[in-house]
Amino acid sequence: MNPWLSDLPATVPEALERAGRAFPDRGMAIFDSRGRKYERRTWTEVHQGAVQAAGRWAALGVSPGQPVMISVPTSWTWVDAWLGALMRGALPVAVAPGAAMGAAEAHVRKVDTLVERLGAKYVVTSEALRRDAQALGADHAAGAVLTPAELAGTTPATFSAPTPGVDDIAFLQLTSGSTGMPLAVQIPHRSAIHNAAATDEAIGAPHGGPSAVWADSLVAWLPLHHDMGLIGCFFLSMLAGIDFWLFPPTAFLARPRTWLDHLGSHGKSFVPAPNFGYQLCVERVTENDREGLDLSSWGSAMTGAEMVRPETIDAFCEAFGPVGFRREVFRPCYGLAEATLTVAVDLTGNGPRTRSLPGSAGSDFGLSEVVCVGSAIRDTEIQVVAPDGSELPDGEIGEVRVAGPGVFAGYYNAPEASAEALKEGRLATGDLGFMWQGELYLTGRIKDVLILHGHNIMPHELEWQAESVTDGGGSMRTGAFSVARGPQGEEAVVVVETNDRDADKLNELGREIRNRIGRNLSIPVADLVFVRRGQIPKTTSGKVQRRALKAQYLEGQLQRLDPSQD
Amino acid sequence: MDVKKSVLEIVSSLSERDAGQITPDMDLVGDLGIDSPKALQLLLELEERLEVEISDEDAAKMNTVGDILDYFASRA
């Protein structure tokens with residue numbers, strides 16, 4: 001056994017305390033929202049900030065086991081509030097802050113629903129949200145808002161720090177539920193620590209050891225409310241004792257070049273990101289802009305959280321090869337919130353490999369070649385099963401199931417959804433793939449989910465918005481799904497049944513639907529298709545069959561009422 | 001500096017639409033297809049070209065092209 005892994009802390013508070021003690025010079029730096037300035041703290045200081053915030057939570061009457069929501073952009077406020085709640089024994093729940101532009105009202109409604117459903121006493125967020133919530137009559141949200149200034153202004157109380165057991169829940173991770181309502185994934189301390197450490201070990205496989213042996217820093221731009229940011233970056237650096245440089249996602253998306261600059265200037269480093277992030281670098285960092293970059297110190301570029309696209313890998317290597325990027329630096333991986341984060345990682349470090357889709361299978365993603373996402377991390381087992389649950393041989397496509405210490409402890413207050421996700425103690429991922437010589441290849445999904453820019457969106461969310469324009473919602477007269485459109489990844493398609501034939505009316509309706517979805521979900525609809533009533537395939541009980549609908553769409557079998565629209 | 005012209009130019013380049021076709025009532029996401037990475041690029045370009053710092057709170061209220069124009073008009 002790897003000596004480093006045998007010396008692991010048992011819980012998150014222990015990990016934090018240990019980071020300060022064992023790696024006194026290391027720490028974490030957070031950039032401002034434009035990526036210009038940063039504030040750095042050592043791990044000891046991070047620990048001190050968390051202990052102080054825990055005292056504040058105690059003074060505010062938050063007790064162990066109680067959910068506390070955090071919805072602020074990437075900042076020290078986020079870290080203090082989230083870690084402080086965890087140190088108090090409460091259950092921190094990170095909620096994505098509102099969209100960068102527009103959609104303020106939709107964000108208030110979302111926070112309001114979450115406060116009510118989780119029974120959260122507080123949500124750390126802006127004064128603006130409190131005002132908006134009051135104005136909109138969103139009483140749950142309005143009553144729970146605690147601004148960063150109010151939290152910081154609370155005098156910490158002394159409290160007896162709970163000593164969590166390894167199987168106690170450390171925090172809740174939000175994910176899209178199959179009904180369109182978000183679910184909160186319960187992650188025990190054991191899973192959080194094991195998964196972050198095993199991820200680090202897997203990333204280090206071609207480098208001769210965990211990151212502390214071969215790397216100086218992790219330079220990331222992922223949001224901390226995302227499992228890849230929280231476990232794969234934050235916890236991993238804390239456990240490994242490397243420096244963590246964190247850009248708010250806004251800073252990266254506005255200007256990817258700033259992030260690439262830093263990658264080259266903090267020693268040997270590595271980074272996890274979804275496919276679209278690499279694609280964005282190709283598109284937005286132009287040839288002139290690449291001058292002066294040096295990516296030769298980049299040890300590993302993990303790519304996961306959405307389908308890894310071979311064309312993105314090729315384009316990135318071509319664009320950044322001249323400034324020192326090597327193809328073998330790319331390391332595909334696979335994970336999901338219900339597995340804490342990581343399930344599989346490419347351990348070889350030989351560069352991404354692909355295989356043709358077996359037999360006559362078609363890919364949901366418009367791919368003829370699929371990328372190997374590697375082999376299971378430590379103590380984790382991957383199975384590919386047929387619909388009857390029997391394990392399939394190499395090369396046959398089925399549902400991916402996972403067993404191991406990362407598998408979550410069910411959803412918070414949602415026994416039915418938990419039972420559906422956990423089958424015979426294994427996590428039914430809803431992802432499709434096949435095994436080949438011990439390695440996993442992902443081909444598609446059983447679950448109806450759109451993954452846009454690394455974030456999961458349930459089709460119900462789009463359908464409900466469209467239906468709220470046409471008939472108040474819930475009519476089952478729309479179907480939403482995503483299609484692959486070039487290397488950017490997935491785009492949203494919405495199909496709507498209507499009796500209207502008038503072109504002007506359809507145009508007007510179309511515009512209203514696009515704008516409703518845009519304002520409430522911040523998602524552009526790439527294609528909006530009107531069809532006659534009764535054209536969307538449904539089950540006998542009237543449920544929309546999205547896979548069948550998507551197949552019809554892709555094969556050009558849908559009779560559009562709006563040939564003028566693209 | 002013509003603020004309106006600059007705003008329309010930036011929106012036009014990001015949405016890949018002719019500036020002449022862009023009207024104030026257009027929604028940034030729904031009508032113009034500006035997704036979240038593009039929205040952040042838009043904010044940054046507005047800030048740099050028009051030399052302002054747009055707060056998160058102000059940005060959250062910008063749903064349409066007109067909302068952006070109003071923001072600059074109210075500062076003038």
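This is a predicted model: local features need pLDDT of at least 70, side-chain atom pairs count only at pLDDT 80 or more; totals for chains, interfaces and linings use all residues.
1. The contact between the chains. Chain A contributes 24 residues to the contact, and chain B contributes 23 residues. On the side of chain B that touches chain A, the elements giving two or more residues are helix H2 (36-50) and helix H3 (56-60) of chain B. The largest share of that side comes from H2(B), with 8 residues.

2. Composition of the chain B side. Sorted by class, the side of chain B that touches chain A holds 12 nonpolar residues, together with 5 polar and 6 charged residues.

3. The largest nonpolar core. This core has 201 residues. Met69(A), Val93(A), Val123(A), Ala141(A) and Val494(A) are the residues with the most contacts inside it. The element that gives the most to this core is helix H11 (residues 227-240) of chain A, with 10 residues.

4. Surroundings of Ala141(A). When residues up to four places away in sequence are not counted, Ala141(A) touches Val108(A), Val111(A), Asp112(A), Val115(A), Val123(A), Leu129(A) and Ala133(A). Val123(A), one of these, is also listed with Ala141(A) among the residues with the most contacts inside the core.

5. A helix pair in chain B. Helix H1 (residues 3-15) and helix H4 (residues 65-75) of chain B have axes that come within 10 Å and cross at roughly 145°. The crossing of H1(B) past H4(B) is right-handed.

6. Residues joining the pair. H1(B) makes the contact through Val3(B), Lys4(B), Val7(B) and Val11(B), and H4(B) through Val65(B), Ile68(B), Leu69(B) and Phe72(B). By class, the contact has 7 nonpolar residues, 1 charged residue and no polar residues.

Note on methods
Residues are numbered from 1 along each chain as its sequence is written. Chains are lettered from A and ligands numbered from 1 in the order in which they are written. Two residues are in contact if their C-beta atoms, placed from the backbone, lie within 7 Å. Helices (H or I, at least four residues) and strands (E, at least two) are DSSP runs, numbered from the N terminus. Ala, Val, Leu, Ile, Met, Phe, Trp, Tyr, Cys and Pro count as nonpolar, Asp, Glu, Lys and Arg as charged, and the others, Gly among them, as polar. A nonpolar core is a set of buried Ala, Val, Leu, Ile, Met, Phe, Trp, Tyr and Cys residues joined through C-beta atoms within 7 Å. A residue is buried if 20 or more other C-beta atoms lie within 10 Å of its own, exposed if 12 or fewer, and partly exposed in between; C-beta atoms are placed from the backbone. Axes are lines fitted to C-alpha atoms, for helices over the stretch in contact, and angles run from 0 to 180 degrees between N-to-C directions. A crossing is left-handed if the near helix is turned anticlockwise from the far one by less than a right angle, and right-handed if clockwise.
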